[in-house]
Amino acid sequence: MEIKKTCLHDRHIKLGATMTPFAGFDMPIQYSSIIEEHNAVRKDCGVFDVSHMGEVAISGKDAEKFVNHIFTNDVAGAPVGQVFYGMMLHENGGTVDDLLVYKMGENDFFLVINAANIDKDVAWMQQNIGDYDIEFCHCSDYYGQLAVQGPQAEAVVAEVLGLPCKELVFYTAMRVEVDGEIIILSRTGYTGEDGFEIYGSHDFIVRNWDKLIESGRCKPCGLGCRDTLRFEVGLPLYGDELTDEISPVMAGLSMFCKLDKEFVGRDAVARQKAEGVAKRVIGIELQGNAIPRHGYDVLKDGEKIGEVTTGYNSISTGKSVCMAFIDAKYAKLGTEVEVQIRKKTFPGVVVKKRFYEKHYKKD
């Protein structure tokens, strides 16, 4: 299969990025080092090329009803500009994908889906259209996307790009006309820091990437530190903490499933919440500096009880930590477990999945 390239691919090559295939795209993992880029986002400002993400626009008379049918969160009656996090589910409660839904008008929605799931998600949504009177536009090939993240993100986006980002509060979005083009600007983030997402044509994204890099106020960041950043604040990655087999209840994300409305998979979620689940996603803090990796076994008294989903030596805290999918009876905070790392086992304890406190701007 031919690997895809984002509109910024040649920029990454010129900057000497380490490139690797990810979700069918040739993507930058790091430019200088993952640690440097991670710290830039925590302390200053970084920019990510996330043009590999997928976008779907849904409009028409039944747009709100349709989105509420396929989406676990409740968009009904929400103000224009509100952004929602939630999931699309199989009937059995397993997760098709987690995504963001932007309410851009009364019957005008913009959905942002994970790059690895674009084809699956689009097919699943189209299978569920039924009799809903909507216009469905798969527009992933049109949009590029920048994510500007960090405590200085607001100042950089306002002063370097001249965008009205200060008008946005956390989890809101707006359309903005710039140079004759309508773009989408939002304030969500996937790093635990304040940040903005900019969606526009490929030419627009390239021009604004160049402005950010040439300003010297925004460090280019790869997907390596994007993973370490989201992991530290307990944010899931589809394929690790959410899968076709891992439900929002298992992942500890049932607060994003609004059971007072109908949606695909609702009954399974309600049943799991009422009866409990056999396995859960939890956090583990290990003693020492051994690094738990995806797929490593989690043990209790020598018996396997689950597997690591994501693990690192946390850059911000210096602790060896991981998220893991384990038998629910061992998920209580403070439970002692072990992680098998190569031929040795290392003691650990179950802790909250948020290893580092978020610093979003919420007012």
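In which loop does Y171 lie? Y171 is found in the loop between α5 and β10 (172-178), where helices (H or I, at least four residues) and strands (E, at least two) are DSSP runs numbered from the N terminus. The phi of Y171 is near 60°, a positive value in a residue other than glycine.

The model is a predicted one, in which local features need pLDDT of at least 70 and side-chain atom pairs count only at pLDDT 80 or more, whereas totals for chains, interfaces and linings use all residues. Residues are numbered from 1 along each chain as its sequence is written, and side-chain values use heavy atoms, with hydrogens and water left out.

Taken as a whole, the chain has nine helices and 19 strands. Its radius of gyration, taken over C-alpha atoms, is 20 Å, close to the 21 Å that the globule rule gives for 363 residues, so the chain is as compact as a globular protein of that length; the rule itself is 2.2 Å times the number of residues to the power 0.38. Along the principal axes, the C-alpha atoms fill a box of roughly 65 × 50 × 45 Å. Of the 363 residues, 57% are buried, a term that stands for under 20% relative accessible area, with exposed meaning over 50% and partly exposed in between (1.4 Å probe, protein chains only). Among contacts (heavy atoms within 4.5 Å) between residues at least 6 apart in sequence, 66% join residues at least 24 apart. The chain exposes about 15500 Å², of which carbon and sulfur atoms supply 49%, the areas coming from the Shrake-Rupley method with a 1.4 Å probe. The mean positions of its 41 positive and 54 negative charges are 6 Å apart, with Lys and Arg counted as positive, Asp and Glu as negative, and His and the chain ends not counted; each charge is placed at NZ of Lys, CZ of Arg, CG of Asp or CD of Glu.

A23 is partly exposed, at 27% relative accessibility. M27, by contrast, lies in strand β2 (residues 25-30) and is buried, with a relative accessible area of 0%. Not counting residues up to four places away in sequence, M27 touches T6, T18, M19, T20, F22, D49, H52 and L223. M27 and H12 are 15 residues apart in sequence, and their C-alpha atoms are 8.3 Å apart in space.

A147 counts as buried at 1% relative accessibility, and, leaving aside neighbours within four places in sequence, it is in contact with G46, V47, F48, V50, F196 and R226.

Strand β9 (144-149) is one of the elements against which the buried residues of α5 pack, the others being β11 (181-187), β12 (195-200) and α6 (202-215). Those buried residues of helix α5 (residues 153-160) are A153, E154, A155, V156 and V157. After the helix comes G162, whose phi is positive, near 70°.

Another helix, α7 (residues 223-232), holds E232, which is buried with a relative accessible area of 1%. Apart from residues up to four places away in sequence, E232 touches H38, R42, S314, I315, S316, T317, K353, R354, F355 and Y356.

Further along the numbering, strand β15 (residues 297-300) is joined by two bridges to strand β18 (residues 336-341), and these strands run antiparallel; here V298 has V339 of β18 as its bridge partner. β18 is in turn joined by six bridges to strand β19 (residues 344-351), again running antiparallel, and V339 stands opposite F346 in β19. In the hairpin of β18 and β19, which has two residues between the strands, R342 takes a positive phi near 55°.

Key: Pairing = 2+ DSSP bridges.
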